[in-house]
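Hello,

Here is the structure we talked about handing over. Please open it alongside this note.

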Amino acid sequence: MKPSSSSGGSRANALWGRGGRQGSRGRMRPAVGSIVVLAATAALAVPAAGVAGTGHPGFGGLTTTPGLSTTPLVGAALPHFGGATGPVMTASLINRVNTHPNQVFKFIVLGSKGAKGSQIAKLIGKGGFGHTVQTYKSIPGITATITGAQLKRLAATYPKLLQSVTLDRPVQTADYQNAQMWTASADISPLWSNVDPSTGADLGPAPQAPAIAFIDSGIDATDTADFGSRVVASVSFCSLCTDATRSTSAVKDTGSTDPSASTDPSASSDSTAPAASSDTSAPAAPNDPNGPVNDDLEGHGTMVAGIAAGASSDYPGVAPNAPIVSVRVANGDGESMESDVIAACDWILANKDTYGIKVVNISMAGATPTSFQFDPLDQAVERLWFSGITVVAASGNFGTGSAVDMSAAPGNDPFIITVGALDQNQTFDPTDDTVTPWSAYGYTADGFSKPDISAPGRYMIMPVPMGATIPDTVPDRVVAPGYMWMSGTSFASPVVAGAAAQVLARHPDWTPDQVKGALMLTAAYLPNADWQSAGVGEVDGAMAASLDFTPPNPNENLDTFVSKDPGTGSPMFDSAAWADAVKSEAAWSSAAWSSAAWASAAWASAAWASAAWSSAAWSSGVNAAMTSLATYTEATYTP
């Protein structure tokens with residue numbers, strides 16, 4: 001990732017540092033495109049551009065933000081394109097479609113409840129509405145090239161089929177600093193062996209952790225000092241990449257680059273999954289004479305994987321025996337497309353059983369406000385969560401030292417675990433840890449407080465392929481051949497992802513909700529952190545893994561609104577039912593935190609119960625904000 005200033009639709013990434021404590025905020029990858037609610041007529045009338053909010057950027061007070069509708073997505077009737085049941089869109093997109101009816105756009109088209117991506121693709125093809133580029137399984141949607149005129153005709157012909165339409169735009173990785181004592185602050189080292197929680201006795205090797213998938217810039221599988229032969233699969237969905245890096249598999253040769261060629265019985269056969277890019281006709285077999293590959297031209301993905309699952313004797317990660325799955329979406333400059341990230345989620349969903357994937361890390365954050373009710377990336381990560389995969393994401397490096405708008409996908413999603421970054425202040429004691437000035441926190445447009453939890457993320461030493469973009473950009477941070485220090489929420493997220501894998505190593509039957517509950521219940525209280533800024537506190541990996549009882553469920557009230565999709569039979573979040581319930585009961589979320597099981601938390605569960613969801617933020621903050629990109633690596637050049 002190359003440093004640059006943020007402008008237009010981009011946000012500077014916050015993961016890299018300059019070595020001092022007060023550096024300016026670093027560049028962030030191209031931001032997520034904001035997509036707002038649509039006009040209500042087939043002629044694509046444009047709504048007013050004001051946005052009511054909670055004081056957060058983009059949704060603050062009654063400030064106006066070009067392109068965002070004043071009509072909330074929740075708590076009021078939604079304006080739709082093409083009639084009362086037409087798709088949700090943005091005002092700016094409506095203008096573009098009206099102004100350029102013959103222009104070809106690349107859209108992410110999300111279907112309504114019960115729809116299937118394959119169904120939408122067939123209708124578009126048969127009706128001459130455009131060309132389908134990708135059909136997804138993790139969400140009921142597609143990516144397609146469609147002209148403005150075709151979009152109008154599609155919405156008018158099938159108004160009830162489409163939920164939303166967003167532009168597919170570039171996304172980037174987040175930002176990056178080092179304090180190797182992070183393993184002590186986060187209580188990680190006891191996880192490296194099988195320790196008796198009551199006596200502290202070492203009972204032998206640590207139990208086997210499940211596979212962790214990294215949606216990132218790739219991983220240097222040739223780094224055997226850190227990863228050995230544990231990179232069991234490397235696939236690429238990077239549409240912006242110009243290099244021809246082959247896909248590899250250390251589990252089996254499927255004989256096809258189609259990721260739907262999986263043993264996963266839940267993978268439906270009614271749609272075509274996007275194929276991973278490769279310069280061979282099939283993934284490499286286990287005995288491939290060409291050996292492992294380095295497909296990480298930026299260096300970010302290797303660094304993230306090193307924190308979560310590295311096995312170096314000098315710089316070990318959290319889960320050093322976990323199998324590693326590399327799902328590449330970013331090029332050497334850290335640029336990604338949201339459609340590629342959704343395709344990556346599709347592939348993981350189809351291949352989770354083949355590779356034993358139980359944890360996914362996404363060290364990325366969007367830069368445009370969105371609602372989790374309509375955002376396609378949020379729906380993709382929810383599908384992984386409902387399928388038994390714990391999803392961990394970075395909160396983002398766009399913090400200012402006070403609350404900001406946390407409505408960027410996927411970290412805005414209330415189901416998954418969103419992680420903020422801490423400064424250890426060069427000590428092993430977590431009680432003096434503080435939230436870094438660039439670690440973002442606040443409420444989402446849907447009223448949820450983020451992050452959920454925090455972890456060390458400043459001055460972290462990690463493996464990196466020499467010659468990649470990051471070490472070439474800041475060579476003074478290289479501490480040894482193949483290792484450098486960086487900072488950012490990008491590197492706090494894999495601390496929690498690795499801890500989640502270690503929890504599952506000891507409790508393999510726990511659900512993602514239970515893993516999240518264990519991590520939040522045992523989080524260390526941070527007396528020097530401002531309210532809300534660190535979530536419930538700092539992750540304590542060993543304490544979470546040692547729980548000998550079923551932890552409480554932080555998503556208990558949200559789970560009430562999870563039902564089966566009538567079209568696919570898969571679990572899905574019923575946003576309409578949730579919105580109706582929230583309108584009538586402002587204290588709907590408090591019950592999830594009233595369980596007696598939360599009483600043992602070091603942090604005040606009663607206080608969090610009132611902070612976890614804000615009716616004020618929800619009622620004024622959900623303003624048809626949707627995204628079509630995501631800022632992916634949350635690393636920062638700022639220390």
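This is a predicted model: local features need pLDDT of at least 70, side-chain atom pairs count only at pLDDT 80 or more; totals for chains, interfaces and linings use all residues.

Residues are numbered from 1 along each chain as its sequence is written, and side-chain values use heavy atoms, without hydrogens and water.

**The sheet**

Three strands make an open, antiparallel sheet, ordered β21-β23-β22. Helices (H or I, at least four residues) and strands (E, at least two) are DSSP runs, numbered from the N terminus. Strands pair if DSSP finds at least two bridges between them. β21 (460–463) and β22 (478–480) are the edge strands; each has a single partner, so one side of each lacks a neighbour in the sheet. Neighbouring strands are turned by 40 degrees on average, direction ignored.

β21 pairs with β23 (residues 483–486) over four bridges, in the antiparallel sense. M462 sits opposite M484 in β23. Helix α6 (residues 300–309) packs on the sheet and touches β21 and β23. Contact here means heavy atoms within 4.5 Å. The direction of α6 makes about 110 degrees with that of β21. Axes are lines fitted to C-alpha atoms, for helices over the stretch in contact; angles run from 0 to 180 degrees between N-to-C directions.

**The cysteines**

The whole structure holds one disulfide, meaning cysteine sulfur atoms within 2.5 Å. C238 and C241 form it, with sulfurs 2.0 Å apart. Their link is right-handed, with 90 degrees about the S-S bond. Both C238 and C241 are buried. Buried means under 20% relative accessible area, exposed over 50%, partly exposed in between (1.4 Å probe, protein chains only). C345 has 0% relative accessibility, so it counts as buried.

Best wishes
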